[in-house]
Amino acid sequence: MDMLKDDSEALMTRLCEMVGAEDEIDPYCHEMIQGVIAHRAEIDDIINRFSSNWKISRMAGTDRNILRIAVFEMLHQQKDVPHKVAIDEAVDIAKKFGTEESGAFINGILDGIYHQHLEKQENEDQKAFGNL
């Protein structure tokens, strides 16, 4: 979708069919894709801030989109997907589908986002929840 510059529902349906997304996985796939599309500017801004010397437009498409999905999960799905799980899953996917360097590259960016952008928020949320 990113490389084709097409965010249409028809393309999303065709892509899910092509990869054989099972019926129970399909709604989650749609939610993730729509979430990334809706929040792409915010997500890309965060990725750009934490990717030293790498503009998002210069990244390999696979790495760029793995990062986008992981950042969306970290920002908007933390109740369902803990930050560290999102990072671990993104690194595993990058190792499987990216280059030899993709896992380390993605881990470095997501780890920076977590420690410098989200960890403080997570700790404050835990303190607030603990004080109820």
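Mean pLDDT (the predictor's confidence in each residue, from 0 to 100) comes out at 81 for the protein chain, with 71% of residues at 70 or more. Where pLDDT is low, the predicted coordinates should not be read in detail. This is a predicted model, in which local features need pLDDT of at least 70 and side-chain atom pairs count only at pLDDT 80 or more, while totals for chains, interfaces and linings use all residues. Residues are numbered from 1 along each chain as its sequence is written, and side-chain values use heavy atoms, with hydrogens and water left out.

Helices here are DSSP runs (H or I, at least four residues), numbered from the N terminus. Helix α3 (residues 40–50) packs against helix α4 (residues 61–76) at about 105°, the axes being 10 Å apart. That makes α3 roughly perpendicular to α4 (angles of 65 to 115 degrees). In contact terms (heavy atoms within 4.5 Å), R40, E42, I43, D44, I46 and I47 of α3 meet L67, R68, V71, F72, L75 and H76 of α4.

Two salt bridges turn up in the whole structure, each a side-chain nitrogen of Lys or Arg within 4 Å of a carboxyl oxygen of Asp or Glu. R68 pairs with D44, with the closest N and O atoms 2.8 Å apart. R68 sits in α4 and D44 in α3, so the bridge ties together parts 24 residues apart in sequence. Both R68 and D44 are buried (under 20% relative accessible area). D45 and R49 form a salt bridge too, at 3.4 Å from N to O; both belong to α3, four residues apart.

Key: Axes are lines fitted to C-alpha atoms, for helices over the stretch in contact, and angles run from 0 to 180 degrees between N-to-C directions. Helices (H or I, at least four residues) and strands (E, at least two) are DSSP runs, numbered from the N terminus. Angles under 35 degrees count as roughly parallel, over 145 as roughly antiparallel, 65 to 115 as roughly perpendicular and the rest as oblique. Buried means under 20% relative accessible area, exposed over 50%, partly exposed in between (1.4 Å probe, protein chains only).
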